[in-house]
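Student: I am new to this structure and would like to get to know it. Could you walk me through it step by step?

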Amino acid sequence: HEVNTPLAGISSYAQMLLADTDRADPRYAILKKMERQTFRASRLVGNLLEFARGRHGAHEPIDVARVLRDAIESSDPAFAARGVRIETRGIETPLPARGDARELEQVFVNLLINGRDASPDGGIVEVAAGAENGRWRIEIADRGKGLTEEEARRAFEPFFTTRQSGGTGLGLTIAREIVERHGGGLDLAPRAGGGAVATVLLPR
């Protein structure tokens, strides 16, 4: 309640401004992003509660490629601020699956932001998707400092974080729980040549 109340206020103000802004106005797209981000933050609060209560969302036909593109769009402002670019491969064509698009978008946004935070200014985060043994394999890779053996081992522990600026340490824990609920898997490992790669496997 303490988090959702101010989020609802921000969302309402954004919607009021949208109603008075012409679609051709450059500010319209910014306001739409504000609205979208408040909705995403509100869903995150809901997902935290679901994680604590062990609830399961309804699954329906989805396009994983579309979910990835939406996650990239949601993450774009955070990347632009650091001059970090996203390069994609394999998300231009549909990747049909069953699941909760909003939950999976949360997973991909979390992995993208982790890659952004690990990357040097002006770096590149690579997103690749393709088929593997009846599953979709999605990789989000960076060229940051990489992972120590202990960090790789503890990455999915609740409240464990390597961020210098802090963080809840719940992002990867919730992300793995969501992916496993979808019948898939999530792994984080050092990347050959430096950096780290997060791999999501989802049933096709």
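Tutor: Let us begin with a definition: buried means under 20% relative accessible area, exposed means over 50%, and partly exposed is in between (1.4 Å probe, protein chains only). This is a predicted model, where local features need pLDDT of at least 70, side-chain atom pairs count only at pLDDT 80 or more, and totals for chains, interfaces and linings use all residues. Residues are numbered from 1 along each chain as its sequence is written, and side-chain values use heavy atoms, with hydrogens and water left out.

Student: Thanks! How many salt bridges does a search of the whole structure find?

Tutor: Side chains of opposite charge can pair when their charged atoms come close. A salt bridge here is a side-chain nitrogen of Lys or Arg within 4 Å of a carboxyl oxygen of Asp or Glu. Across the whole structure, the number found is 14.

Student: Which residue forms a salt bridge with Glu132, and is that partner buried or partly exposed?

Tutor: The closest N and O atoms of this pair are 3.3 Å apart, and the partner of Glu132 is Arg137. Glu132 is itself partly exposed, because its relative accessible area is 26%. Arg137 has a relative accessible area of 28%, so the term for it is partly exposed.

Student: What is the phi of Asn133, and where is Asn133 placed?

Tutor: Most residues other than glycine have a negative phi. Asn133 is not a glycine, yet its phi is positive, at about 50 degrees. Helices (H or I, at least four residues) and strands (E, at least two) are DSSP runs, numbered from the N terminus. Asn133 is exposed, with a relative accessible area of 72%, and its place is the loop between β4 (124–132) and β5 (135–141).

Student: Which residue forms a salt bridge with Glu35, and how far apart are the two in helix α2?

Tutor: The closest N and O atoms are 3.1 Å apart, and the partner of Glu35 is Lys32. Glu35 counts as buried because its relative accessibility is 11%, whereas Lys32 is partly exposed at 36%. Along helix α2 the two are three residues apart, about one turn of the helix.

Student: Leaving aside its neighbours within four places in sequence, which residues is Glu35 in contact with?

Tutor: Contact means heavy atoms within 4.5 Å. With those sequence neighbours set aside, the residues touching Glu35 are Ala14, Gln15 and Leu18.

Student: Which side chain meets Asp25 in a salt bridge?

Tutor: The N to O distance in this bridge is 2.8 Å, and the partner's side chain is that of Arg27. With a relative accessible area of 57%, the residue that counts as exposed is Arg27.

Student: How many residues of α4 are buried?

Tutor: Helix α4 (residues 101–118) has 18 residues and reaches 26 Å from its first C-alpha to its last. That is close to the 26 Å expected at 1.5 Å a residue, where the expected span is 1.5 Å times one less than the number of residues. The helix is mostly covered, and of its 18 residues the number buried is 13.
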